[in-house]
Amino acid sequence: MSDSFNYWINGEIRSSQSPLTLVDVLVSEGYLDENPVGDEQAAGESQTQATGRFQAQATGRFIVALNQSIVAAADWAASVVKPDSKIDVVGAITGG
Amino acid sequence: MADSTAQDALVIGGETIPGRLWLGTSMYPSPDIMGQSLQAAGPGFVTVSVRRQTARQVEDNGHWQLIDQWLKKSGSLLLPNTAGCHSASEAILMANMARQLFTTDWIKLEVIGDDYSLQPNAFELLSAAETLVQQGFKVLPYCTEDLVLCQKLLDVGCKAVMPWAAPIGTGRGLQNPHGLRMLRERLPDAVIVIDAGIGKPSQAMQAMEMGFDAVLMNTAVAKALDPVAMAGAFRNAVTGGRQAWQAGTMVEREQASASTPTLGMPFWHQ
């Protein structure tokens, strides 16, 4: 029996066989660079440093909602994506 | 950005708005033409929105990057909208997304009630406005010219109201000038901005001549054959209309009245 589960990002279905956090999803979808500073430095990076780095990558560019609740960048790493979770990543567009 | 002089500053919620023409950023032929149009219009507010985006779209967001640069150098203010929302809960969530993304408390509140006319849903609009004001937003609701609705929106703390001239994107101009004139007369101290349905500079000027505080538009500029020139034309119209309002227009008459004196006219009653 498989442990895989489905979740949604911007209306598109995804499947995973392992537990995920929002950081995992945002990295896999390309919104966040998992390791922009190089392997050696990343290996020694603290959770706080990683959060700050992700926050810097997102600020002014996109925000994230999980099941229609906005999730601050500081909470992405602790936000578990459960089965049938709906994730929205929104950015700026032109408007009238 | 010299259309809102110190003597005639437009102040909303304690903040001076640097222009009485407000401009949307959609539907321009290119980011470059949008940027030139912003330059020509000198808008007090520039409207934007939020939508789902892929990582690639976030990365290659040329329009937004240009708008962001324009805002930093011009002094124009950013006005995110909740376009596309059909309920108070949707609009509240989108407003909060916009506040976090754009770091501004200003919000153009749109809650659509009819997809054909894009007429606002007055009930959901009022509910959303009340909540957003409580959350610290400076709410500018897109509404109809309904006097009672506008009064209620102001009562719950909206900083201004923005009745339509005509349905969004139609360019039909002021469809109910009597109702708008009455709204202006009954709410003399409120900031009232005409939003949507303006198609020509003459219509923007008409709104300003009636004493409205500003005009917000998008399609009429973006869809002009020459958007940059049209942006300048609207800027002039809004400035001229405001000056006319301040100068006080003459009272209309039913009968002709000669402007050249008859006194001293040769052969008169000879």
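Predicted model: local features only at pLDDT ≥ 70, side-chain atom pairs only at ≥ 80, totals over all residues.
**Two chains, term by term**

Reader: What makes β7 of chain A and β4(B) a strand pair?

Author: Five bridges join them. Two strands pair if DSSP finds at least two bridges between them, so five bridges qualify. The two strands run antiparallel. Strands here are DSSP runs of E, at least two residues, and helices are runs of H or I, at least four, numbered from the N terminus.

Reader: How many residues of each chain are in contact, and what area is buried?

Author: Contact means heavy atoms within 4.5 Å. By that rule, 30 residues of chain B touch 23 of chain A. The buried area is about 2200 Å², 59% of it on carbon and sulfur atoms. Buried area is the accessible area (1.4 Å probe) lost when two parts are put together, summed over both. B:R52, B:M97 and B:L101 supply 29% of what chain B buries against chain A, more than any other three residues.

Reader: Why is the link between A:D88 and B:R52 called a salt bridge?

Author: The term asks for a side-chain nitrogen of Lys or Arg within 4 Å of a carboxyl oxygen of Asp or Glu. Here the closest N and O atoms are 2.6 Å apart, so the pair qualifies. The two chains share two salt bridges.

Reader: Which elements of chain B each supply at least two residues to the side that touches chain A?

Author: They are β4 (45–52), α2 (55–59), α3 (62–74) and α4 (88–102). By class, that side has 12 nonpolar, 13 polar and five charged residues.

Reader: What makes the A:N10 side chain and the backbone nitrogen of A:V89 a polar contact?

Author: A polar contact is a pair of N or O atoms within 3.5 Å; within protein, one must be able to donate a hydrogen and the other to accept it, and residues adjacent in sequence count only if both atoms are side-chain atoms. The A:V89 nitrogen lies 2.8 Å from a polar atom of the A:N10 side chain. That distance is within the limit.

Reader: Is B:S87 buried or exposed?

Author: Buried, because its relative accessibility is 17%. B:S87 lies in the loop between β5 (77–80) and α4 of chain B. Its side chain makes a polar contact of 3.1 Å with that of B:S89. Neighbours within four places in sequence aside, B:S87 touches B:V111 and B:E124.

Reader: Why do β6 and β10 of chain B stand at the edges?

Author: The open sheet of three strands has the order β6-β9-β10, with parallel pairing. β6 (106–109) and β10 (162–163) each have a single partner strand, so one side of each has no neighbour in the sheet. β6(B) pairs with β9 (138–143) over four bridges. There B:I107 stands opposite B:V139.

Methods. Residues numbered from 1 in each chain as written. Chains lettered and ligands numbered in written order. Heavy atoms only, no water. Nonpolar A, V, L, I, M, F, W, Y, C, P; charged D, E, K, R; others polar. Buried < 20%, exposed > 50% of the residue type's maximum accessible area, 1.4 Å probe, protein only.
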